[in-house]
Amino acid sequence: MTGTLHGRAERAAADLAQAEQALAEGAAVVVPNPAPLTHVVTARRASTVNEAKGRPAGQSVALWAHHPDTLSAVEQIWALGPEERATARRLLTQERLTVLVPVHDGTGTPDWAPPAVKDGWMLLFGARWESLRPLLDRHPLLYVSSANRTGHQPAATTAEALAMFSDAVPVLTVPEPRDAPSPVSGTRRRATTTVRLHSDGRLELHRHGAQDQHHADPAHYLEELQERCRQETRDAAAP
């Protein structure tokens, strides 16, 4: 890895109240995710996320699809049919994937959506950890990216995030739930797998990540993923 770590590992992590205050004041905050996902950095402005990562302010970032109102608003500009929209929601909320969806050109696009759109595709981040609900519910509109600065892997622990980011970027820590499932043997914390959902319902692997790490064959992973989506559609249609 290249680059220099900018933070100090010995500085204190933030609690939910401190993270909430930082977001409300317009700062970026690093937040954890449940295993096997790594931390992410989030803010109310896309440029703030990029600046925290040390990259150009205008670079595209993901929209955090954690709030139903935000998701409903952007769903109106997706170039997807009803069944494909349902698939996109499942990939985001249940599979906790990062998803690329095609969008319509023209009017009707919310003025806060363009930072997450590039070349006709919208990038959406779907993980929503229950431990973060007190924070996320207060901020329906957030932009998000993996918690790393240029030249480094995403932070997998609080200590890594504290060492990587400047003091201006609080790092939230929350206790692991007592009933959290034990990780599968050999599972490493990684950034989310990213899939591209085409208008015809076809899935394409855009970036390897946490969810597909135990699949040597991307086609096999996508086949399993597609079948889970089909099964849910069948279950929903059953009397």
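Q: How many bridges join strand E1 to E2, and do they run parallel or antiparallel?
A: In this predicted model, strand E1, residues 29–31, is joined to E2 by 3 bridges, and the two run antiparallel.

Q: Which residue in E2 does Val29 stand opposite?
A: Val29 stands opposite Thr42.

Q: And which way do the residues of strand E2 point?
A: Strand E2 covers residues 40–43. Val40 and Thr42 point one way, while Val41 and Ala43 point the other way. In a regular strand, side chains alternate between the two faces of the sheet.

Q: Are those E2 residues buried or exposed?
A: All of them are buried.

Q: In what sense do E2 and E7 pair, and over how many bridges?
A: The pairing of E2 and E7 is antiparallel and extends over 4 bridges. Within it, Ala43 has Tyr143 in E7 as its bridge partner.

Q: Turning to the loop between E1 and E2, which proline lies there?
A: That loop contains Pro36. The peptide bond leading from Ala35 to Pro36 is cis, with omega near 10 degrees.

Q: Next, backbone angles. What is phi of Arg96?
A: Phi of Arg96 is near 60 degrees, which is a positive value in a residue other than glycine. Arg96 lies in the loop between helix H4 (82–93) and E4.

Q: Why does Arg96 count as partly exposed?
A: Arg96 counts as partly exposed because its relative accessibility is 30%, and that class runs between 20% and 50%.

Q: What about Asp119, where is it found?
A: Asp119 is found in the loop between E5 and E6. Its phi is also positive, at about 55 degrees, although Asp119 is not a glycine.

Q: Is Asp119 buried or exposed?
A: Asp119 is exposed, since its relative accessible area is 70% and the cut-off for exposed is over 50%.

Q: Changing topic to pockets: what volume does the second largest pocket have?
A: The volume of the second largest pocket is about 580 Å³.

Q: How many residues line it, and which lie nearest its centre?
A: The lining of the second largest pocket has 31 residues, and Ser60, Ala62, Thr98, Leu123 and Arg207 lie nearest the centre.

Q: Which strands each supply at least two residues of that lining?
A: Strands E4 (98–102), E5 (117–118), E6 (121–125), E7 (143–146), E8 (194–197) and E9 (203–207) each supply at least two.

Q: How do the lining residues divide into nonpolar, polar and charged?
A: The lining of the second largest pocket has 12 nonpolar, 12 polar and 7 charged residues.

Terms used. Residues numbered from 1 in each chain as written. Predicted model: local features only at pLDDT ≥ 70, side-chain atom pairs only at ≥ 80, totals over all residues. Heavy atoms only, no water. 1 Å grid on protein atoms, 1.4 Å probe; cavity = no way out; pocket = protein on both sides within 12 Å on 5 of 7 lines; lining within 4 Å. Points joined across faces, edges and corners; volume = space filled by probe spheres on them. Nonpolar A, V, L, I, M, F, W, Y, C, P; charged D, E, K, R; others polar. Buried < 20%, exposed > 50% of the residue type's maximum accessible area, 1.4 Å probe, protein only. Pairing = 2+ DSSP bridges.
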